[in-house]
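Let's take a walk through this structure together, one piece at a time. Have the sequence and the 3D view open as we go.

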Amino acid sequence: MLTYVLRTLLRMAITLFLIVSLVFFATRLSGNPVDFVLGEGITKEDRDLLIAYYGLDSSIGTQYWRYLSSVFSGEFGLSFLERRPVSEIVLERAWPSLKLLLSAVCFTLIVSIPLGILAAIYRTSIIGSVVMVVAFLGYAVPSFIIGILLVLIFAYTLNWLPVIGDGTALHFIMPTLAISGMLVAAITRFTRNAMLDVLSQDYMRTARAKGLPEWIVILKHGLRNASITLLSVVGLQIASLAAAGSVVVESIFAWPGIGDLLVRSAILRDYPVLQFGVLSVAVAVIVINAAVDIAYAFADPRIRLAKG
Amino acid sequence: MTDATHNLSSPHNTGLRSFRIPIWSDANWIVRIALLIGLILILTALTAPWLAPFDPNAQSLISRLRPPIGFDRYKDGFYFGTDELGRDIFSRCIYGLRLTFALALAGAVIGLLIGGTLGLMAGIIGGLFEEIVMGLVDAQIAIPFTLIALLILAIMGSSLDVMILVLGVYGWEQYTRIVRGEVKKLIQMPFVEAARAAGATPVRIAMRHILPNVVSPIVVQFTLNFSNIVILESTLSFLGLGVQPPTATLGSMVGIGRDYLPTAPWIVLAPAMVILLLTFAVQILGDWLRDKADVRLRSR
């Protein structure tokens, strides 16, 4: 078990190191950072002075080393536009993002687990087919199209819901739906497959044979066994799909979260903010993935024995 | 001697033969509709210059924000209406579709080449090289691609070349994983051993004996990937990070049109519907191909 946990943590560390390095080299590849900061009309001497001041004339290896040590000591620089520490800017955006994410995840689980169970039980009838077709096509709908259509229908036509910001509970409805679209499609499919694996097991027949009501058989004997597989998949999928979805959706609804910040700083070329934003989201996703992996191994002895 | 080589090399064809390109007759009605839509979209994209009634970038401020056919104030000839600069939305949709298609195709092919080559090499060479490649694959799977795309586009600027690069990087890890897995399986097969015994070089074994056998999983993955690339391209263009105006892609039409959503929803609805048609058709076809090829891919 310990080896398994250590191996997962090691893999996480390698991934983190890769993304930190990728961010550095991507920024350096594009040319001298000084040129982004400075306006037009600076003299050659002043430019050289600044390059020397920021240490950009030293070798790429030295710069990389300096960058790594500043990252690990928690210094990420100042925003070009706002002139305050990027960690401050990103941190104050974290909570709104988290709220939206939680709301989307709750909604997804509430909708897709029952749907997946239904689709597994009635897989030969029309109910199962309809659920699967919807889940299947839902996966092909980009979240920005869901978002735009929701705005068109519920805000501009019916005038029911507010579009911009995160002020009230009503503000959560449309962004939650837009982020959840793809998640619901994915998780419904996984739930169905996990349930199908379980439904054909012998212990299900035994449970029925001893006269338990069908819903207890399905929920207690079926869902509980399917949930181990399901939880690991849900954890892995939700982290990355939600990170991708929230970038677009937050930007549509001007949600004061990290996704909106990332898009804005990408367009305005506020590199320090973008760097730190990308790093923190990537770290969050990687840490969640590792946590899910380890939790999964704890829940299922077969995994930790096989891999550890 | 010729007989011997013939016998040695014949088994590698079975993989190809068992995966025949499925045809119209063994498709159900949903797949047939998807096939038809796909064909129509491809033809539309190919014949855009002849099909489009107007120059997609020609502005006419007198006839701006006109609604589509069948509505009040409809202007003759502008079937889908006009946008905020009086450009014909129908023509822009056609050209946008063409560009989206071209970008997605280029991206998917590049991803296939990068990922496939790495997977093939990792599977054949093995050892440390394989460890490194698979480590990179794990890392790529863990990091949401949208973040990488944002980073690249912000740093290198938004142009057609950069966009192709971004879309090309997307999905390489899927190909690497699949191809490496298949290669690992194939490399233990008797016919590969026989080829090696007959003195074939590693390159020859890779190209002649292994590659043909991984074609079917690659075709399936390519189709599934294509739909995701279309979504990625539209999303980035929607955010204003893709191909820059005035050039139309479907995503950027939705992105720019959203400012006019309350008064002129058709600017957004027309390209949005085209995107949906495209992704639906590709997704259905990809899933069908997967069933046909019976490849045990993880359903994502």
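Before we look at any helix pair, here is how the angles work: an axis is a line fitted to C-alpha atoms, for helices over the stretch in contact, and the angle between two axes runs from 0 to 180 degrees, taken between N-to-C directions. Keep in mind, too, that this is a predicted model.

With that in hand, go to chain A and find helix H5 (residues 86-121) and helix H8 (residues 169-199). They pack at an angle of about 35 degrees, and their axes are 6 Å apart. The contact of H5(A) with H8(A) is made up of 18 nonpolar, eight polar and one charged residues. As for handedness, H5(A) passes H8(A) in a right-handed crossing.

Now step back and take in each chain as a whole. Chain A has 13 helices and zero strands, and its C-alpha trace spans about 90 × 60 × 30 Å along the principal axes. Of the 308 residues in chain A, 37% are buried. Chain B comes to 14 helices and zero strands, with 47% of its 300 residues buried.

Next, see where the two chains meet. The contact draws on 39 residues from chain A and 36 residues from chain B. On the chain A side, the elements that give two or more residues are helix H1 (2-29), helix H7 (143-157), helix H10 (214-252), helix H11 (258-268) and helix H12 (271-299). Which of them gives the largest share? That is H1(A), with eight residues. Sorted by class, the side of chain A that touches chain B has 30 nonpolar, six polar and three charged residues.

Eight of its eleven residues are buried, so H11(A) is largely enclosed by the rest of the structure. Among the buried ones are Ile258(A), Leu261(A), Leu262(A) and Val263(A), and Asp260(A) is on the list as well. What do they pack against? The partners are H5, H10 and H12 of chain A, together with helix H7 (145-156) of chain B.

From here, move on to the largest nonpolar core. It has 159 residues, and the ones that touch the most other members are Leu183(A), Val278(A), Leu150(B) and Leu151(B). H10(A) gives the most to this core, 17 residues.

To finish, visit two loops. Asn159(A), in the loop between H7 and H8 of chain A, has a positive phi near 60 degrees. Is Asn159(A) buried or exposed? It is exposed, because 8 other C-beta atoms lie within 10 Å, and 12 or fewer counts as exposed. Ala254(A) sits in the loop between H10 and H11 of chain A, and its phi is also positive, near 45 degrees. With 14 other C-beta atoms within 10 Å, Ala254(A) is partly exposed.

Definitions and conventions. Residues numbered from 1 in each chain as written. Chains lettered and ligands numbered in written order. Predicted model: local features only at pLDDT ≥ 70, side-chain atom pairs only at ≥ 80, totals over all residues. Helix = DSSP H or I, 4+ residues; strand = E, 2+ residues; numbered from the N terminus. Left-handed = near helix turned anticlockwise from the far one by under 90°. Nonpolar A, V, L, I, M, F, W, Y, C, P; charged D, E, K, R; others polar. Buried ≥ 20, exposed ≤ 12 C-beta atoms within 10 Å, placed from the backbone. Contact = placed C-beta atoms within 7 Å. Core = buried A, V, L, I, M, F, W, Y, C linked by C-beta atoms within 7 Å.
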